[in-house]
Amino acid sequence: MIKVMLADDEDLVRSGLRMILSSAGDIEVVAECDDGHLVADLARQHRPHVLLLDIRMRSSDGLMALRKLRAVPDPPRIAMLTTFDVDEYVSEALRLGASGFLLKDTEPEQLVRAVRDLASGGAVLDPGVAARVLAAVADGERAAEPARRLLASLSEREREVLVLIGQGMSNAEIGGTLHLSEATVKGYVSSVLGKIGAVNRVQAALVAFRGGLIA
């Protein structure tokens, strides 16, 4: 079972996420909280594999919780919950170890898939927020030349795959778009990450954005 913890100060949001995730046979919501001050202690107690963490809460923001989680042994994989109003918190959240960003109203199937991807060591970037996340992280500066040098090492097919990664697509969705098997796409994704020195899909998308491959 994939153990998930929810941290959001809106009861309705937590209730909706719990209902969706609990409907999946391989996911269990083991803890919830509405206060960023409690996140690290609950993570130590319940040892979740995945944490869905509100980037902004009334009592404290998600960044404070992220800082405390760095001291937790074997911390969970973390995706920040956000709205379309992506702000300056995004860049800092990535620096502090967040593995992705999800909209609070993410479609149920996509939410379940994202949790599974996170639990298996992947990173997630919701298509609805991808462009805004990349723009916020870039902080108005594309750093074009270093990124373009990295992108020059990619084949045409790898560049196509990278563009779709930047749009927040899963391997299955990329395969459907490019008429490739999911296993073939997985191979391309691994190759892309290796060539550009990215540790996950979010970092890969950022390189593509800075290099002008993604508008």
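Predicted model: local features only at pLDDT ≥ 70, side-chain atom pairs only at ≥ 80, totals over all residues.
Two strands are taken to pair when DSSP finds at least two bridges between them. Strand 1 (residues 2-7) and strand 3 (residues 50-54) run parallel and are joined by 4 bridges. Within this pairing, Leu6 is found opposite Leu52 of strand 3.

Strands of a sheet pair through backbone hydrogen bonds, and the pairing may be parallel or antiparallel. Here the pairing is parallel, and 6 strands make up an open sheet in the order 2-1-3-4-5-6. Strand 2 (27-33) and strand 6 (124-125) form the edges, each pairing on one side only.

Strand 3 also pairs with strand 4 (residues 77-82); these two run parallel, with 5 bridges between them. Leu53 has Met80 of strand 4 standing opposite.

How do the side chains of strand 3 point, and are they buried or exposed? In a regular strand the side chains alternate between the two faces of the sheet. In strand 3, Val50, Leu52 and Asp54 point one way, while Leu51 and Leu53 point the other way, and all are buried. Since buried means under 20% relative accessible area, and 5 of the 5 residues of strand 3 are buried, this strand is largely enclosed by the rest of the structure.

Attention now turns to a pair of helices. Two packed helices are described by the angle between their axes and the distance between the axes. For helix 8 (residues 156-166) and helix 11 (residues 201-210), the packing angle is about 110° and the axes lie 9 Å apart. Helix 8 is therefore roughly perpendicular to helix 11, as angles of 65 to 115 degrees count as such. On the helix 8 side, the residues that meet helix 11 are Leu162, Ile165 and Gly166; their partners in helix 11 are Arg201, Ala204, Ala205 and Ala208. Sorted by class, this contact has 5 nonpolar, 1 polar and 1 charged residues.

Finally, the view widens to the whole protein. It has 11 helices and 6 strands. Of its 215 residues, 50% count as buried. Among contacts between residues at least 6 apart in sequence, 69% join residues at least 24 apart.

Conventions. Residues numbered from 1 in each chain as written. Heavy atoms only, no water. Axes fitted to C-alpha atoms, helices over the stretch in contact; angles between N-to-C directions. Parallel < 35°, antiparallel > 145°, perpendicular 65-115°, else oblique. Contact = heavy atoms within 4.5 Å. Nonpolar A, V, L, I, M, F, W, Y, C, P; charged D, E, K, R; others polar. Buried < 20%, exposed > 50% of the residue type's maximum accessible area, 1.4 Å probe, protein only.
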